[in-house]
Amino acid sequence: MDSPVHRVSLGDTWSRRVHPDMASERLIQSFSVEQLTNILDGGAQNTALRRKVESIIHSDPEFSMKDNYFMNQNERYVAAVQKRFHFQIIAKRLGWSENSPEFYYAYRALSGELALGLHTVFLKSLQSLGSEEQIAKWTPLCNEFRIIASYAQTELGHGTNLRGLETEATYDAATQEFVVHSPTLTATKWWPGDMGRSATHTLVQAQLICSGARQGMHAFIVPIRSLRDHTPLPGVTVGDIGPKMDFDNTDHGFLQLDHVRIPRENMLSRFAQVLPDGTYVKLGTQQTNYFSMVVVRVELLLGEIIPLLQKACVIAIRYSVIRRQSSIRPSDPEAKILDYQTQQQKLLPQLATAYAFHFLARNLLKFLHSSYDAIQNKDFSHLPELHALSAGIKAMTSDLCFQGSELCRRACGGHGYSKLSGLPSLVTRVTASCTYEGDNTVLYLQTARFLVKNYLQTQAIPGSTQKSLPPSVAYLTAPYLARCPAQKAADFLHPKLYTTAWAHVAARLIKDSAHHLETLIQSGADWDEAWNQTTVIHLQTAKAHCYYISVKSFTETLEKLENKPAVQQVLKSLCDLYALHGILTNAADFLHDGFLSGAQVDAVRTGYLELLGLVRKDAILLTDAFDFTDPSLNSALGCYDGNVYERLFHWAQKSPTNTQGNPAYEKYLRPLLQSWKSKL
Amino acid sequence: MNQDLRREREAASFNPELLTHVLDGSPENTRRRREIENLILNDPDFQHEDLNFLTRSQRYEVAVRKSANMVKKIREFGIADPEEIMWFKKIHLVNFVEPVGLNFSMFIPTLLNQGTTAQQEKWLFSSQGLQIIGTYAQTEMGHGTHLRGLETTATYDPETKEFILNSPTVTSIKWWPGGLGKTSNHAIVLAQLITKGKCYGLHAFIVPIREIGTHKPLPGITVGDIGPKFGYDEMDNGYLKMDNYRIPRENMLMKYAQVKPDGTYVKPVSNKLTYGTMVFVRSFLVGEAARSLSKACTIAIRYSAVRHQSEIKPGEPEPQILDFQTQQYKLFPLLATAYAFQFVGAYVKETYHRINEGIGQGDLSELPELHALVAGLKAFTSWTTNAAIEACRMACGGHGYSHCSGLPNIYVTFTPTCTFEGENTVMMLQTARFLMKSYDQVHSGKLVGGMVSYLNDRPTQRIQPQQVAVWPTVVDIDSPDSLTEAYKLRAARLVEIAAKNLQNEVIQRESKEVAWNLTSVDLVRASEAHCHYVAVKLFSEKLLKIQDKSVHAVLRNLCLLYCLYGISQKAGDFLQGSIMTESQITQVNQRIKELLTAIRPDAVALVDAFDFQDVTLGSVLGRYDGNVYENLFEWAKKSPLNKSEVHESYYKYLKPLQSKL
């Protein structure tokens, strides 16, 4: 059986023949893989465009990633700059603009191995914070790469809490300049991408001081390297922050500014301005700045975080039908490890999660777009809900994608520990997403704040109906259901039933959260103190709410697939698995108030174990439907053709440890081996 | 010293030195351990370099140098006790990864265990002196945990009195053995023995792989490094392919089984003893879990006392992040777990030594239980530790992601523990097999002993399986003993559920093996519950042996936190089994928060008591003196990317980018 024509393989000796153990998995197709791929892409035309971009990227040797795992930090940085350079030339030739789908698909095909990613962040900030004049001046410079820009916010001693940043920008009316300065060691800018080696300019977030008063955080464009020879400008100490778990393609940097002077025009002034005489003028509120943070979080989901789990599932599940280990019956040949229940229990819930998150992110993106349209019409009413949803969902997806991909890695045994499996890189990349763009704990708590606030509102205004609440928390006023009506395992395989169950738990936890908080306040604590003393329960509450949202979003996606019954059916099994897996992992929350009885939880478990067997049959097709190219997976274990071992052996032989001699032998081993001889 | 850390240390309610003695086993052990550590630290030959800035090949080179140097030093300092050698290695190697290590930990012991006196005479001396460097090649590319599936063959040729070693397929290539890629010149190879046309299963053979003097691979041998990994950069894990490669008959280790010159196979008498090595290694890994988690906690807690962030009340100065409830909730249960595992590790080690003495006198009776217990505990502690190290890392925010924190390194070095020396799920299922056997034994009227004796306690359960009787006592959430009882009930219940489900499947499927596979999720759950009970029990029993009042008080709080946190995480099991009520679970959650507050003032002292040297932690964030930021900046400046002010890529790509577009 051959690969489908469109499929981009590695084009090596082994791509031509599909391993029989893999081929047998694809023999019976209970649904159309292509149809599912189109759904995931959001339409057949998107699938076609994506494949076109992928074939352009993968047919170009300049974009090859085959040596990635053998490179050190420096080499990977250089390779990423080289790829970015080449990419810009191609993009220009083919007319791919910065925000086009082609750009996005190319990024996906290259698995993000590009430098100068902060360039986009700079442009976005410029557009939301800059005046029309500033936008007109800096955008073309940036687009033509006459400058290379980055974005400098976090400091050595300060991250999530923006107001704690120490960098200062003091206005000097005499020269009409800002003096940008790092007053302490902890004020050193730390972590900004592209700043260590590449950037010529950076957008610095600093405390504005003018006419003797502190005006809070503002953004300043600061030139840091000479446009002539790239050396740091006077007063600028800049460099790379050193080795990290991953993201070697990006030169994360540090920056110390010693009274660096920049012209008054370099402060981004859409919302606030400093007049030549030093007068501070506010020009409206920063609602849209806050909106751009939300946009970044939502776009990250499908652009970066979720595909990492999807890839991990593809690799681990494909490997699990090739790997044979022990036998189930003593007389049988060694079994595919995916046939072991324990292996299914590790991998298949992750696969279900990968699908659940894909649909969740897509629905959130839709909500984002409609909110954006509303904002254009000066309607900011959706913003609090959008903010709460994006915060919580970013936290949940990054948490679970990290846990899931690490689980996939470990499910591949020893070979999962080899970088050649591709899995360690997925894990080290996704784990960073738990921290960047807002630490997950902090984000969950923001969601919880929104939930508690809305709940308290329903209490304050008796008789408030679902209409008055934002849609995502409408369930707070749903009719109370004390007991789950399910009687047997099969009853739990109904989307409506488990969605209601999740809503029940989330609502109860929100009430508990509010109750704990109010109790402390009544006993004399002020609101902030009471909040800190109850954050553990708020975390739990936010998590339950987000899980409910994801289950609901999955079931809504199913409803829209009435005209594709085969795909709908296979996705329903995944949805069931996702919901029940969540119930079992959080069984105590369902048992707590007797909503589920012990016997019902047992029934959930029975249903869950049966689903594992069911999803097992379609597992490979479900991983194929993600339609990742072999080069973008970059895994010796995870290629479409299943020829795992040949490739692993071949790749290992190319390792520099094998091709570059062994200096340690001459220096240490030989003397060691021979030191004894003389004494014999 | 950083002011925050100084204040933390002054405010502690107990003397950490006394707790260090508890962890080491005695004040004398603490003294001797430090003496050895100082030998290294004060040795002018000992250079500590930061591996983070080196390439893989440089890291390997450093490790070989250190390995080589260490052999000399241990001899020079006259350190011979195995425990003391461990202490020595931990400081000297820092990462504890040594390419030459397999020679001592696998090659020589296997030679001693399975070689005849003549074979020992031939190879022991030269391998002890490193004239030959050996490793142990078992796993193959396509085969790991399941030994019988290995494909490498050793076919006896009576004409030349040689064995022909062959790797018949790609999947049969030996893969992963440490030190195999570049370092070793000999390997003990496990292969299917074939003589007179018959296969006799796995046997061990001494195979020369590289030429003495030139270190080049011998003809017929393909050997190399398996390439980059998640961690263990210093180790040359290798592959080995043998192409009808001949070795003399005497190279088969023949203490037990033998092949006569004419090719006749002589069966071994008994080989239960090989089991012992496995138990030893796994029990060592339980201790490693404790140490790795203790390191991670030390770093995360010290850094959380130094780092200030956000505000609890608007307008107040930024508090230490350790004052946030969420941060305490992330870290303190892990700290409690680290202590729990320290005591589990100590127990397993003692038990091993006790039973091993028995084995020396021919008493094998306790071995099966120990084997089952250690398998499960290895899996239980390594899974928990794996997740916990990562949680510590994430609790350090962005800086945790930098190698300066030392945490990524601790993680990647530890995580293979979940896979090697028996994959964890397989380990849990081995424990489950023992639990099922014990359950059946009780069922048929025989009492069982040791850690599973609780299975004897529920005779009524056997008559009325579904009926949950009134439990003997109400759980007192302030009593470690009572909580241990609660864990015992949970374990008993989950063992019983697994056993019943297994029986049902056996009836339905007519195949015991298929039934086992279809119950394996329940079986793993039962084993986990059993191991959790053992950990809780050992921690609460340890409290009885602590004499110092203030140390006792602080450990008791940790023990309670460990027990209660586990209940809160697995509350479903406790509720479903009617071991605890909903309102008790609410109380548990409340009590956890009180314990966080109670432990907070002692947190730094509790990690100080682990007594890690800064060199061992390898962390800028976890430094004893707390001077984090100054050193972080200095550390970053050493990065190779900062070697030149303008990076080469500027001329190659960035400058042309500006002109070409």
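Guide: Happy to! Let's begin in helix H3 (residues 44-58) of chain A, where Arg50(A) and Glu54(A) are 4 residues apart and therefore separated by about one helical turn. Helices here are DSSP runs of H or I with at least four residues, numbered from the N terminus. This is a predicted model, where local features need pLDDT of at least 70, side-chain atom pairs count only at pLDDT 80 or more, and totals for chains, interfaces and linings use all residues. Residues are numbered from 1 along each chain as its sequence is written, chains are lettered from A in the order in which they are written, and side-chain values use heavy atoms, without hydrogens and water.

Visitor: What do the side chains of Arg50(A) and Glu54(A) meet in?

Guide: A salt bridge, 3.1 Å from N to O. The term means a side-chain nitrogen of Lys or Arg within 4 Å of a carboxyl oxygen of Asp or Glu.

Visitor: And how many salt bridges over all chains?

Guide: The structure holds 73. Between chain B and chain A the count is 2. One of the bridges joins Glu423(B) to Lys346(A), with the closest N and O atoms 3.3 Å apart.

Visitor: Which helix gives the most to the side of chain B that touches chain A?

Guide: Helix H24 (residues 648-660) of chain B, with 12 residues.

Visitor: How many residues does the contact take from each chain?

Guide: It takes 129 from chain B and 131 from chain A, counting heavy atoms within 4.5 Å as contact.

Visitor: Switching topic: at what angle do H9(A) and H17(B) cross?

Guide: The axes of helix H9 (residues 341-376) of chain A and helix H17 (residues 520-543) of chain B cross at roughly 85 degrees and come within 7 Å. Axes are lines fitted to C-alpha atoms over the stretch in contact, with angles from 0 to 180 degrees between N-to-C directions. So H9(A) is roughly perpendicular to H17(B), a label for 65 to 115 degrees.

Visitor: Which residues meet there?

Guide: Gln341(A), Thr342(A) and Gln345(A) meet Ser520(B), Val521(B) and Val524(B).

Notes:
Helices (H or I, at least four residues) and strands (E, at least two) are DSSP runs, numbered from the N terminus. Angles under 35 degrees count as roughly parallel, over 145 as roughly antiparallel, 65 to 115 as roughly perpendicular and the rest as oblique.
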